[in-house]
Amino acid sequence: PGGGGSTRIHFTVETAVKLLVQEITASFLVLRITDLQPWIHGLPEWGCTVQGKCDCSRQFNNVTPQSVMSDLTASVKWLSKKRRWNANELIWSIHRDNKSLDRAGMGTTSRFTHLLHQDLENLVYFSLLTDTYTQASGKVWSRTGAIPMGGPFSAQSADLRSIWAAKQRTDLMRRIGQLSFSPRGHPLWTTPRGNTVSLAQFRDNILVGARGPSPAHEMQNVCDTLSEVWDLPVLCDCMTDEQRVCRRTCTSPSLTAMGFTIHLGDDSPPLIYAQPSGLTASWHLKYTVTLQSPPPAQAHKHISNILVSAVLNVQPFLHTWASCLLSITSWAQVALLSGYSRPTVLRALHSAVPRIVARTTWDVDQTLIWCEHIAYKLLSTRETVFFHLHRWLQCHAIWSTKAYASWHMPHAGLCNAHCANWCHNFPILSALTPLLNPSTRIPLGLSPRGEGPSPFPIL
């Protein structure tokens, strides 16, 4: 194909999948990770009490290019009939600057690039069945019979398979329960056990929220149903490829997935913060040192840049001040566990925090005060950090009844939503009791990699 074919494939097929998401009533697929934010923040509105995660195992290895081609043809034909596109030849219009303007049909300005649907299918065919070669270790390798890893259409083909299979097999989806919708318009299923279940999918990750007398029993039914709908293994955290039986230990009020952690409260909004993949649930290192600076770089600048990008990637989820403070603290914990000195980490925090807080409505000076306070109490477990933050907010935050804020505009009369950005998830911080004495830090030993006095946690 001509130049720019890969880019046209990516955005054109993404537009088709986006239209499918809009037209299919019970769709629970999101195309960007930030689109999970309304679903997560809406969990307390319908009374969600527990949450869990399941994965579509080996998705790229089990979806064949032939099935993707047939799904693309059938789904676009259904879309054309659903939206009454009475055109002899379908044209896709891709905007050069604003991708939210991508559409089916002829764009009316010169900023659109046009692509015939037949040309799109030819490009997809070339990407999946012909452009499958790569060079490694002095040899040329070909990936056949599966979706090419890292191709321009790889992620979109998996999304297309997920949403179109669920549309075609609505009879199987009814096994989950009777369909209804949350106050924000997300699909809910009322199960035969009297529980309520909601799903949200991003790529091969499926988040499950539930409420009712026995919500932990629903994960097995969800995994079995989705496995049959997609013809792919869907496993929760307590399943394996050999043992596909849920032990009902994978659902709880707290969930860590896709780079952030969610804590549900009884009546308060969820507490969400960035969770580095290199940390366990208790904020020990999961495997080995994960944060290292290249030799020419200044360590504090390297840590600062990583911290800013990591926290801003999940910024749409950080809707409270405590979320922002915990996200920054978790990455400071990683830096200290990776062997950087406390002054280096503090210097990185002083550089990163103003850049992070500039994108939010929180007070930068108060945020820096917290960083200086907690830096001398790390290394600590997550529960211990929650304990310190709970006590620190009581002394340093602005309070109005049960809500807190980092700043407040003086005024006469009662406080309202205009005088400060009030946060209402303070009770969640007291729900987790510290596993250790708050004055006790994580014990450190020598690095097992043989790098001398570099600190490493003793688990």
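Biologist: How many aromatic pairs does the count come to?
Modeller: The count comes to 10 aromatic pairs. Keep in mind that this is a predicted model.

Biologist: Okay, take Y273 and F386. How are those rings arranged, and how far apart are the centres?
Modeller: The ring centres of Y273 and F386 sit 6.0 Å apart with the planes at 65°. An angle over 60 degrees counts as edge-to-face, so that is what this pair is.

Biologist: Which parts of the chain does the pair link?
Modeller: Distant ones: Y273 is in strand β14 (residues 271–274), while F386 is in helix α13 (residues 382–396). They're 113 residues apart.

Biologist: And is Y273 buried or exposed? What about F386, buried or exposed?
Modeller: Y273 is buried, at 0% relative accessible area. F386 also comes out at 0%, so F386 counts as buried.

Biologist: Which residues are in the ring cluster with Y273?
Modeller: W283 and F386; ring pairs link them with Y273 into a cluster.

Biologist: What about W399 and Y404, what kind of pair is that?
Modeller: That one is tilted, 5.7 Å centre to centre with 50° between the planes. W399 is partly exposed at 30% relative accessibility, whereas Y404 is buried at 0%.

Biologist: Switching to charges. How many salt bridges are there in the whole structure?
Modeller: A search of the whole structure turns up 12 salt bridges. One of them joins the side chains of D159 and R203, at 2.7 Å from N to O.

Biologist: Where do D159 and R203 sit?
Modeller: D159 is in helix α6 (residues 154–168), and R203 is in the loop between β9 (196–202) and β10 (205–211). That's 44 residues apart, so to speak a link between distant parts of the chain.

Biologist: Why does D159 count as buried?
Modeller: Because its relative accessibility is 3%, and buried means under 20%. R203, at 25%, counts as partly exposed.

Biologist: What does E228 form a salt bridge with?
Modeller: With R175, the closest N and O atoms being 2.6 Å apart. E228 lies in helix α8 (residues 218–230) and R175 in the loop between α7 (170–173) and β7 (178–181), so the pair ties together parts 53 residues apart in sequence. E228 is partly exposed at 37%, and R175 is partly exposed at 44%.

Biologist: Which residue does E383 meet in a salt bridge?
Modeller: R382, at 3.2 Å from N to O. E383 is buried at 8%, and R382 is buried at 9%.

Biologist: Last one: which residues are linked in a network of salt bridges?
Modeller: K53, D55 and D237 are linked that way.

Note on methods:
Residues numbered from 1 in each chain as written. Predicted model: local features only at pLDDT ≥ 70, side-chain atom pairs only at ≥ 80, totals over all residues. Heavy atoms only, no water. Salt bridge = Lys/Arg side-chain N within 4 Å of Asp/Glu carboxyl O. Helix = DSSP H or I, 4+ residues; strand = E, 2+ residues; numbered from the N terminus. Buried < 20%, exposed > 50% of the residue type's maximum accessible area, 1.4 Å probe, protein only. Phe/Tyr/Trp six-rings, centres within 6.5 Å; stacked < 30°, edge-to-face > 60°.
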